[in-house]
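This report describes the fold and a few backbone details of one protein. The sequence and structure come first, and the notes follow.

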Amino acid sequence: MQPQSPHGFHPVFCTIVPPHVLDKLSQSDNPDLAGPSRRTLESDAARRTRRQMATVVAVPVAPATDGEASDKPDRTLYDCRHRTRLPGTKVRSEGQEPTKDASVNRAYAGLGATFELLLKAYGRRSIDGNGLPLIGSVHYDEKYNNAFFDGEQMVFGDGDGEVFLDFTVAIDVIGHELTHGLTQYTANLSYYGQSGALNESMSDVFGSLVKQYTLGQSADQADWLIGAGLLAPGVQGTALRSMKAPGTAYDDDVLGKDPQPASMEDYIHTSEDNGGVHLNSGIPNRAFCLLATALGGNAWERAGQLWFDVLTGGQLAVDADFASFARLTVAAARSRFGEGDETEAVLKAWSEVGVPTA
């Protein structure tokens, strides 16, 4: 059982690069590859522990704003200047002109894009539904190979330049991390086992939808990759994960081969990474991609609406497994669309990845 804050949430420390990837890199014989990833793992472990301790002693998550929520985002960007003290030095506030720092401007735009998707597609004002200010810090630490949401804000590393590039370059990474906040304020899924994999999958789903919405892409036009553009030119891979074809995002001498399973037949039982939350998320990811492409059009409309309905509907248990989530998506489809093509497509998508809905 994870400890909860006074608000009922148990904010967790969520990173975009899974521990198994960094662990693989940390074992490289090349110190330029091993050093940054080893330091990133150590930094992540320390911050994760601090987050757990802060929750135990009842430090509240960022409060919702008072009064009527605005239809406009409230963004503040900070520069850590390669240190680890958060949030850093304030460099851009809401409404201010772009700075000379591309990382700041990309992060600002990504926070805004996530806010816009939630508002325009689902009528939700920020991740808490009440206009929560969105905070981001760039240039965190030296050669930090990750980006994370710590329950209160987004943080971006610059990457080591050897394997990973600046983590602000992928807008879906920003959407992914902020969706951990959305989940924190809604279904509050526990970060372990299948509920943790659902937590990660929700972030991949809405991270991808932020990217598709921003680019004006239909489900058929989307690449369904998470973190495309993050891998340095010499790395044999296209992204961190593929929702369309889990297990195919990379196959590299240093990174190894993408280990994500695409169906329950290959479900990974492990005690690492909170029970494989970044691994088994490939299964519900593929189910969503199958549904979205079967329905066609814009994925954030029908498919995304169903996932949003379940995430925010109040019936998704904190410790939900894949099957219970799948059943709720079927119920949501019937509630919105009746016994039509949408419901049939949901049933078929879950069947293809081996998750029962009966």
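## Backbone details and overall fold

H82 sits in the loop between β2 and β3. The model is predicted. H82 is not a glycine, yet its phi is positive, about 65°.

The peptide bond that joins L86 and P87 is cis, with omega about 5°. D141, in the loop between β4 (134–138) and β5 (147–149), has a positive phi near 60° and is not a glycine either. Most residues other than glycine have a negative phi, and most peptide bonds are trans.

| Residue | Phi |
|---|---|
| H82 | about 65° |
| D141 | near 60° |

The protein as a whole has 10 helices and 10 strands. Along the principal axes, the C-alpha atoms fill a box of roughly 55 × 50 × 40 Å. Of the 358 residues, 58% count as buried. Among contacts between residues at least 6 apart in sequence, 64% join residues at least 24 apart.

The protein exposes about 14,500 Å², of which carbon and sulfur atoms supply 48%. There are 30 positive and 46 negative side chains, and the centres of the two sets lie 4 Å apart.

An unreviewed UniProt entry lists residues 187–355 as "domain: Peptidase M4 C-terminal". This span is 50% helix and 5% strand, and its end C-alpha atoms lie 20 Å apart.

Methods: Residues numbered from 1 in each chain as written. Predicted model: local features only at pLDDT ≥ 70, side-chain atom pairs only at ≥ 80, totals over all residues. Heavy atoms only, no water. Helix = DSSP H or I, 4+ residues; strand = E, 2+ residues; numbered from the N terminus. Buried < 20%, exposed > 50% of the residue type's maximum accessible area, 1.4 Å probe, protein only. Contact = heavy atoms within 4.5 Å. Areas by Shrake-Rupley, 256 points an atom, 1.4 Å probe, with all protein chains shown as cover. Lys, Arg positive; Asp, Glu negative; His and termini not counted. Charge placed at Lys NZ, Arg CZ, Asp CG, Glu CD. UniProt positions renumbered as here; feature names shortened; annotations may be inferred.
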